[in-house]
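Q: I have just opened this one and would like to go through it slowly. Could you help me find my way around?

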Amino acid sequence: TASLATLGAAKGIRFGSTVGKDNFVDAGYRALNAAQCALVVPENEMKWSITRPDAQHFDFRAADRIVDWADANGLGVRGHTLLWHSEQWMPQWVAEHDYGPNPRAEAERLLTDHVATVAGRYADRIDSFDVVNEAIDAETGALRDTALSRHMGGAFETIDIAFQTARAAAPKAQLVYNDYMGWRADEGLHRDAVLRLLEQMRKRGTPIDALGIQSHLGSKFSDTPTGLGSLDEPAFRRFLDEVTGMGLDLLVTEMDVHDNPLPGAIGPRDAQVAAHAKAYLDLMLSYPQTKTVMCWGLSDRYSWLSGMRLRPDGMAKRPCPFDAEFRPKPFRDAIAAAF
Ligand code: XIL
């Protein structure tokens, strides 16, 4: 059977997934990714937590290993992420750093130095960057703050500067704002806040090319009566219409289906995951602006969700298109069918 990369390419879609951390050392998993993907994204290796051990140093060893491997295998690479605009995901030293007598200038220096160095290093090998990740508090719709934004006069300023610096350092790369608002009814506040942010960026002339929709489907934190969450397709379409109406492209950047609320039996569970994924991809791919579809992990063996909130029945989670033995699941067929 043809690979997802080949099936996607026939429709002008680049299919990919994430590699990194404990899974990149698995030769079988690397081979699965090389066989199925047109592009890959390092799972954590380009985040500040790994590239930026302290204010003075960069560490690109882990990121380079992945990018070199991708090059050697003819895979494209996405960069993730030049700024995770959330205190929780920035290294502790950013908050504790001595910003000196001119904190605004020092914060701006740290940020521009970081973005220019990382984006510049990979400018010729990465054609799409998640410049800013998750800048919005999903509970309130407000922009999050970090030590950087507090010193720089606000989150908008910080985000603008990150995009401007990325554009200058990697002029050919697609620049993306990435967030996790999806099609569930309870994500309306988050979607509205993303629209407001994108509108502001458009008004300010911020150099942004696309919205990355993470697409962690299903209900991550609460079991809902409907299993994977009540969906609001019309509202999601209105959201996508607004985004594309601003001239932005769309990407599915981190797709998986959190199967925690679904009943245990594997057959029906896999079928429900696949049907959910298919309906979602049909919706996303009805927009010609969606040209990239990435899963957040190809195999259940290495999904970040496995350790996140255990199933009440104690069974292993099955959120990915291939099972723990790298065998294709109905989810894989759903992606193939959606292409
Ligand atoms: C996750 C990784 O998969 C984990 O290994 C890490 O511990 C936390 O981050 N949204 C994102 C990704 O943008 O960076 C996250 O990746 C998953 C949710």
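Q: Let's start with A170: what is A170 in contact with, leaving aside its neighbours within four places in sequence?
A: With those neighbours left aside, A170 is in contact with A119, G120, A123 and F129. Please keep in mind throughout that this is a predicted model.

Q: And where in the chain is A170 found?
A: A170 is found in the loop that runs between helix 8 and strand 5, the strand covering residues 174-179.

Q: How far is A170 from D124, in sequence and in space?
A: A170 and D124 are 46 residues apart in sequence, while their C-alpha atoms are 7.6 Å apart in space.

Q: Let's go to the helices. How do helix 6 and helix 8 cross?
A: The axes of helix 6, residues 103-121, and helix 8, residues 155-169, come within 8 Å and cross at roughly 35 degrees, and the crossing is right-handed.

Q: Which residues meet there?
A: On the helix 6 side they are E108, L111, T112, V115, A116, A119 and G120, and on the helix 8 side they are T158, I161, A162, T165, A166 and A169. By class, the residues of this contact divide into eight nonpolar, four polar and one charged.

Q: Pick out I161 for me. What does I161 touch, not counting residues up to four places away in sequence?
A: I161, whose place is in helix 8, touches E108, L111 and T112 once those sequence neighbours are not counted.

Q: Is I161 buried or exposed?
A: I161 is buried, because 20 other C-beta atoms lie within 10 Å, and the cut-off for buried is 20 or more.

Q: How far is I161 from F239?
A: They are 78 residues apart in sequence and 26 Å apart in space, taken from C-alpha to C-alpha.

Q: Now the ligand. Which residues are around it?
A: The residues around the ligand are K21, E43, N44, N133, Q214, E254 and W304, and by class this shell has one nonpolar, three polar and three charged residues.

Q: What about the backbone: which peptide bond is cis?
A: The peptide bond from H80 to T81 is cis, with omega near -5 degrees, and T81 lies in strand 3, which covers residues 76-84.

Q: Why would someone point that out?
A: Most peptide bonds are trans, and most residues other than glycine have a negative phi, so exceptions can be pointed out.

Q: What is phi of E134, and where is E134 found?
A: Phi of E134 is near 45 degrees, a positive value in a residue other than glycine, and E134 is found in the loop between strand 4 (128-133) and helix 7 (147-152). E134 is also buried, with 21 other C-beta atoms within 10 Å.

Q: And what is phi of S215?
A: Phi of S215 is near 70 degrees, again a positive value in a residue other than glycine. S215 is found in the loop between strand 6 and strand 7, and it counts as buried because it has 24 C-beta neighbours inside 10 Å.

Q: Switching to D313: buried or exposed?
A: D313 is exposed, because 9 other C-beta atoms lie within 10 Å, and the cut-off for exposed is 12 or fewer. D313 is found in the loop between strand 9 (290-295) and helix 12 (330-338).

Q: How far apart are D313 and P263?
A: In sequence D313 and P263 are 50 residues apart, and in space they are 8.7 Å apart, C-alpha to C-alpha.

Q: Last topic: what pLDDT does the chain average?
A: The chain averages a pLDDT of 96, and 98% of the residues score at least 70.

Note on methods:
Residues are numbered from 1 along each chain as its sequence is written. This is a predicted model: local features need pLDDT of at least 70, side-chain atom pairs count only at pLDDT 80 or more; totals for chains, interfaces and linings use all residues. A residue is near a molecule or strand if its C-beta atom, placed from the backbone, lies within 6 Å of it. Ala, Val, Leu, Ile, Met, Phe, Trp, Tyr, Cys and Pro count as nonpolar, Asp, Glu, Lys and Arg as charged, and the others, Gly among them, as polar. Axes are lines fitted to C-alpha atoms, for helices over the stretch in contact, and angles run from 0 to 180 degrees between N-to-C directions. Helices (H or I, at least four residues) and strands (E, at least two) are DSSP runs, numbered from the N terminus. A crossing is left-handed if the near helix is turned anticlockwise from the far one by less than a right angle, and right-handed if clockwise. Two residues are in contact if their C-beta atoms, placed from the backbone, lie within 7 Å. pLDDT is the predictor's confidence in each residue, from 0 to 100.
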